[in-house]
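I opened this notebook to record a few look-ups in one structure.

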Amino acid sequence: MRTKIIAGNWKMNKTLEEGQALVTEIRGIVRDEHTGKSQVVLCPPFISLASAARLLEGTGIALGAQNCHFEDSGAFTGEISPLMVKSTGAQYVIIGHSERRQYFGETGEMLFKKTKAAIRHGLKVIFCVGESLKEREEKIFFKVVESQLQEGLFALDRKEFSSVVIAYEPVWAIGTGLTATPEQAQEMHNYIRKVIGMHYTEEIAEETTILYGGSMKPDNAAGLMAQADIDGGLIGGAALKARDFADIIKAVG
Ligand code: PEP
């Protein structure tokens, strides 16, 4: 059985105080309503990690960062290392979000180094892949996603790869209100699983959690989750509203 995961990517939102309030609200709802069958992960900005870790102690809710550098320490002004992320109490880190690729020029080579370093420090990596609208229209989306997997992940050995969760996030669906249809998402998730099977083993592919991300909301989550290869969601906008996030958690189960 694959682990189902619902991860909230807060992006660059919430001050320290606002973040603590949101963690506290989500913690309360999850305690009262969650079946505990899936793993909830909160990914606030770096400034909130340590305080969120304290608020989440003993709740079963996990914590993740949204990025990290590949070195442990050094002259990299403004960066945060995986060792530092780990020291806050976080267990996960998102790597390769399309906003990092697009606005901060992160390349496949850098993302591989980040992923490898994060895993070396015992973090689980939520690795994002996804095509742009142009690439979808040009019908090269399978090829694009396959090369993102190849560059960012496939030089990991099997043991390292077992710390990876994939998030398929079509760029045209992120923050736009447009969602991939359950069929479009399933088609890509199934493809990703096949490619993993070809590079590692079918058993590893079967065990890999593949999340969908891109305008996932309470009203479309159940349809997406009904697909055989969708194992949860990476949620942006809706993760900032405790009630919406909790309703998505319910749909995931
Ligand atoms: C994201 O940024 O990972 C994301 C899926 O955003 P949204 O849910 O807002 O589309």
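The entries below follow the order in which I looked things up.

**Entry 1: the model.** I note at the outset that this is a predicted model.

**Entry 2: helices α11 and α12.** I looked up how helix α11 (residues 218-225) sits against helix α12 (residues 242-252). Their axes come within 9 Å and cross at roughly 20°. Angles under 35 degrees count as roughly parallel, and α11 and α12 are therefore roughly parallel to each other. I recorded the crossing of α11 past α12 as right-handed.

I then listed the residues at this contact. From α11 they are P218, A221, A222 and M225; from α12 they are D244, D247, I248, A251 and V252. Sorted by class, the contact of α11 with α12 comprises seven nonpolar residues, two charged residues and no polar ones.

**Entry 3: aromatic pairs.** How many aromatic pairs does the structure hold? I found six. One of them joins F154 and Y200 in an edge-to-face arrangement, with 5.6 Å centre to centre and 75° between the planes. I placed F154 in the loop between α7 (141-152) and α8 (158-161), and Y200 in the loop between α9 (182-199) and α10 (202-207), so the pair ties together parts that are 46 residues apart in sequence. I noted both F154 and Y200 as buried.

Y200 also pairs with F161. The rings of F161 and Y200 are stacked, at 4.4 Å centre to centre and 20° between the planes. This pair, too, links distant parts of the chain: F161 belongs to helix α8 and Y200 to the loop between α9 and α10, 39 residues apart.

Are F161 and Y200 buried or exposed? I took the cut-off for buried as under 20% relative accessible area. F161 has 1% relative accessibility and therefore counts as buried. Y200 has 10% and therefore counts as buried as well.

Elsewhere I found F141, F142 and Y191 linked into a cluster by ring pairs.

**Entry 4: E33.** Which residues does E33 contact, leaving aside its neighbours within four places in sequence? I recorded R243, A246 and K250. For E33 and A246, I noted that the C-alpha atoms are separated by 8.2 Å, although the two residues are 213 residues apart along the chain.

Methods
Residues are numbered from 1 along each chain as its sequence is written. This is a predicted model: local features need pLDDT of at least 70, side-chain atom pairs count only at pLDDT 80 or more; totals for chains, interfaces and linings use all residues. Side-chain values use heavy atoms; hydrogens and water are left out. Axes are lines fitted to C-alpha atoms, for helices over the stretch in contact, and angles run from 0 to 180 degrees between N-to-C directions. Helices (H or I, at least four residues) and strands (E, at least two) are DSSP runs, numbered from the N terminus. Angles under 35 degrees count as roughly parallel, over 145 as roughly antiparallel, 65 to 115 as roughly perpendicular and the rest as oblique. A crossing is left-handed if the near helix is turned anticlockwise from the far one by less than a right angle, and right-handed if clockwise. Contact means heavy atoms within 4.5 Å. Ala, Val, Leu, Ile, Met, Phe, Trp, Tyr, Cys and Pro count as nonpolar, Asp, Glu, Lys and Arg as charged, and the others, Gly among them, as polar. Rings of Phe, Tyr and Trp (its six-membered ring) pair if their centres lie within 6.5 Å; planes under 30 degrees apart count as stacked, over 60 as edge-to-face and the rest as tilted. Buried means under 20% relative accessible area, exposed over 50%, partly exposed in between (1.4 Å probe, protein chains only).
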